[in-house]
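Subject: Structure handover

Hello,

I am passing on the structure we talked about. Please open it and keep it beside this message while you read.

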Amino acid sequence: MDGVLLLDKPAGMTSHDCVNIVRKVLKTKKVGHTGTLDPSVTGVLPICVGRATKISQFLTTNEKEYLGEVTIGFSTTTEDADGELVEEKRVDRTITKEEVEAVLKSMLGSSIQVPPMYSAVKVNGKKLYEYARAGLEVERPRREVTIYELELLGDVHQSEDGLVKFSFRVKGSKGLFVRTVAVTIGEKLGYPAHMSHLRRIASGVFNISDCLSLEAFKEKAESNTLTLLTLEQAMADFPSVVVDSWVEKLVRNGVQLYPKQVNHVTVSPVALYSQSGQCLAVYEKHPTNDVYRSMRGFF
């Protein structure tokens, strides 16, 4: 099978666990996911199968949307509910809905974010969580991320034990750590905090309403009623241009193209389509020459 499976990842499993299950059910080794979700996080996990594994790198750049919950009152080593206690400062005043909304509004736009030590970001070929588990602290790469939307959902709940909880929805760029967003919200309110719940509801054009549970996936695969998204459907929001039949032949041979052969597009990278609607390849602007070169062919 070739295509993209939209899976609603359950809690308690790693993204790689899900990939292994898909490999066994579909009896193929060519399976890969398009971005890690932590074991406790649920929701949209696009999994590429067969020929679609060639497009996985282009699907990870999409913006993501999440539903989360912040708990104010203590922070953890992992910035979520699974970590050990780091700092505790119970809330001794009323945190109003208006105050929270003002903090969320102040966080919109671009900023520099430092990934948590317990994350899959690599430093010197090793994942940060491997350093963390070994008790080592290393310098983490700072990177620019963007929050496009951030809104409070419902009321702010304050308990007698000094904890405050509220839900939020966030839409952000590639690389945004929502755990760190939760911690930052707490800091702006003057208290340690962590992310106590998270669910990804969208990844680019992929929506949670289109996802299958693991059980539904297995049932459809067993009954031969499983259908996967085509490469063209999966690449629907990627910049694209249709080329003529002569240029198509050049693309199939990986030949560099001149701007006029790709209709003088101004974006890079760009997906090239045949006149019949087949996604042929992704090309990028050469860094020094006025030509476009192939990044990946899909034929």
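Predicted model: local features only at pLDDT ≥ 70, side-chain atom pairs only at ≥ 80, totals over all residues.

Residues are numbered from 1 along each chain as its sequence is written, and side-chain values use heavy atoms, with hydrogens and water left out.

Helix H8

Helices (H or I, at least four residues) and strands (E, at least two) are DSSP runs, numbered from the N terminus. In helix H8 (residues 245–252), Val247, Glu248, Leu250 and Val251 are the buried residues; buried means under 20% relative accessible area, exposed over 50% and partly exposed in between (1.4 Å probe, protein chains only). Seen down the axis of H8, these buried residues fall within an arc of 160°, so they line one face of the helix. The arc is taken from the directions from the helix axis to the C-beta atoms. Trp246 and Lys249 are exposed on the other side of H8. The buried residues of H8 pack against strands S15 (270–273) and S16 (279–285), where contact means heavy atoms within 4.5 Å. After H8 comes Gly254, with a positive phi near 70°.

Helix H3

The buried residues of helix H3 (residues 97–106) are Val100, Val103 and Leu104. Their arc around the axis is only 100°, which puts them on the same side of H3. Glu98 and Lys105 are exposed on the other side. Strand S10 (143–158), strand S11 (164–172) and helix H5 (178–189) are among what covers the buried residues of H3.

Helices H1 and H6

The axes of H1 (residues 15–26) and H6 (residues 214–222) come within 10 Å and cross at roughly 15°. The two helices are therefore roughly parallel to each other (angles under 35 degrees count as roughly parallel, over 145 as roughly antiparallel, 65 to 115 as roughly perpendicular and the rest as oblique). Ile21, Val22, Val25 and Leu26 in H1 meet Leu214, Phe217, Lys218 and Ala221 in H6.

Thr42

Not counting residues up to four places away in sequence, Thr42 touches Lys9, Pro10, Ala11, Leu37, Leu198, Arg199 and Arg200.

Regards

Note on methods:
Axes fitted to C-alpha atoms, helices over the stretch in contact; angles between N-to-C directions.
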